[in-house]
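Subject: Handover of a structure and its findings

Dear colleague,

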Amino acid sequence: ALGKSSLGLSYGMAITDLVLAPATPSNTARAGGVIYPIIRSLSEVNGSTNETPESRRKLGSFLLMTEAQVNTITSAMFLTAMAGNPLAQKFAHDRGVNLDWGTWALAALVPGVVALIVLPWIMSKIYPPTIKKTPDAPQHAREELHEMGPMSAKEWIMLCTFVLLLILWVTGTTLGIDATSAAFFGIGILLVTKVLTWKDMAKNSSAWSTLIFFAVLVGMADHLKKLKVVDWIGQQAAHSVSGMAWPLAFTVLILAYFFIHYMFASNTAQIVALYAVFLGAAVAAGVPALFAALFLGFAGNLIGGITHYASGPAGVYYGSGYFSVGEWFKVGFMAAIVNLVVWGVVGTLWLSVLGFVR
């Protein structure tokens, strides 16, 4: 139904992400392990590879960048959609604010849905693909599926491994299984059954590039925290809003919390370092505690697309080779502004309707 245009495909990916989000506590597992292979396949089928700027801009760059931004929205909509959200819940609880699953989901429902409707359309304007229409795609897909015939034994193993990983990612928190450990288990199954070989993995240069550059950036961010640079910035932001009316004070704090993420290579790292500091500053400035806790929780997810190293999904998608650094910084900033406006305006109105602004 959605496969006849590039914009329709982007909405299809958004719906897929939204359906998986409540039950997938790792945004990297969801975006990198489930959505990314689908988008990569769609792009290559339509002749969009990462080999030349002209080829990648046909479709792949648009779909991947849009999904990277959409993933930040779906992560913000559910307490169980990103690993750092339960940490925000804990820090809020320590200050006497109860953020249960239902409260978070209800508060994020309207701004989240509006953002999911608006953002892909905005992306089609600010970062458009050169392929606009794919009218033959659905029929082509049906023909290709028919030509492929029954699934082979290795394809069945791949499918079962995929389903197993989804189950482990969904139940990982309950079972005590980390999302990364689950992914390594899946890789182990594919190697033992020879669905994949070590040569296949060694040739995946984008994956190795992502691993190396992301590890360095996470290490640098960790040292900023250890050297108290991050703490100092948080304290300065809190001090700067003293004496302001609380709506203005919270606007300043949210903007500072949002754009300080240029210094971080992980959503969770920033939540650990700054969520409690900024929540305390907001409450001290007179911001309603539940309102502040929710919005800082939302922001801790929406920051995940501003740079190519802002989050796990961003690192995976940048490693695909479909973007330049300059493109990501430019488009990521514009998408961030869209999210801030939608969540700031629609979210504030919705939370007011719910009675969370008192």
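The notes below go from the whole chain to single residues.

The model is predicted, so local features require a pLDDT of at least 70 and side-chain atom pairs count only at pLDDT 80 or more, whereas totals for chains, interfaces and linings use all residues. Residues are numbered from 1 along each chain as its sequence is written, and side-chain values use heavy atoms, with hydrogens and water left out.

Overall form

The protein chain contains 17 helices and zero strands. Both are DSSP runs numbered from the N terminus, with helices being H or I of at least four residues and strands being E of at least two. Along the principal axes, the C-alpha atoms fill a box of roughly 70 × 40 × 35 Å. The radius of gyration of the protein chain is 21 Å, which agrees with the value near 21 Å for a compact globule of 358 residues. That radius is taken over C-alpha atoms, and the globule rule is 2.2 Å times the number of residues to the power 0.38.

Of the 358 residues, 46% count as buried. Buried means under 20% relative accessible area, exposed over 50%, and partly exposed in between (1.4 Å probe, protein chains only). The protein chain exposes about 16500 Å², of which carbon and sulfur atoms supply 70%; accessible areas come from the Shrake-Rupley method with a 1.4 Å probe, and for residues only the protein chains shown count as cover. Among contacts (heavy atoms within 4.5 Å) between residues at least 6 apart in sequence, 75% join residues at least 24 apart.

The nonpolar core

The largest nonpolar core has 91 residues, and those with the most contacts inside it are Phe250, Tyr275, Phe298, Tyr317 and Trp343. Helix H17 (residues 325-354) gives the most to this core, with 10 residues. Such a core is a set of buried Ala, Val, Leu, Ile, Met, Phe, Trp, Tyr and Cys residues joined through side-chain atoms within 4.5 Å. Neighbours within four places in sequence aside, the contacts of Tyr275 include Ala88, Phe91, Leu99, Tyr257 and Leu296.

Gly347 is also found in helix H17 and counts as buried, at 1% relative accessibility. Beyond its neighbours within four places in sequence, Gly347 is in contact with Pro111, Phe295 and Val342.

Aromatic pairs

A search of the whole structure finds 17 aromatic pairs. Rings of Phe, Tyr and Trp (its six-membered ring) pair if their centres lie within 6.5 Å; planes under 30 degrees apart count as stacked, over 60 as edge-to-face and the rest as tilted. Tyr36 and Tyr317 form a tilted pair, at 5.6 Å centre to centre and 35° between the planes. Tyr36 lies in helix H2 (residues 27-45) and Tyr317 in helix H16 (residues 312-318), so this pair ties together parts that are 281 residues apart in sequence. Tyr36 is buried at 13% relative accessible area, and Tyr317 is buried at 0%.

The pair of Tyr262 and Phe329 is stacked, because the ring centres are 6.0 Å apart and the planes lie at 20°. This pair links distant parts of the chain, with Tyr262 in the loop between helix H13 (246-259) and helix H14 (267-284), and Phe329 in helix H17, 67 residues apart. Tyr262 is partly exposed at 26% relative accessible area, and Phe329 is partly exposed at 30%.

Ring pairs also link Trp104, Trp246, Phe250, Phe291, Phe295, Phe298 and Trp343 into a cluster. Arg57 lies over the face of Tyr127, at 4.2 Å from the ring centre; a charge sits over a ring if NZ of Lys or CZ of Arg is within 6 Å of the ring centre and within 35 degrees of the ring normal.

Further residues

Ala105 lies in helix H6 (residues 101-126) and counts as buried at 15% relative accessibility. Ile117 lies in helix H6 and counts as exposed at 51%. Lys194 is in the loop between helix H9 (179-192) and helix H10 (198-202), and has a positive phi of about 65° although it is not a glycine.

With kind regards
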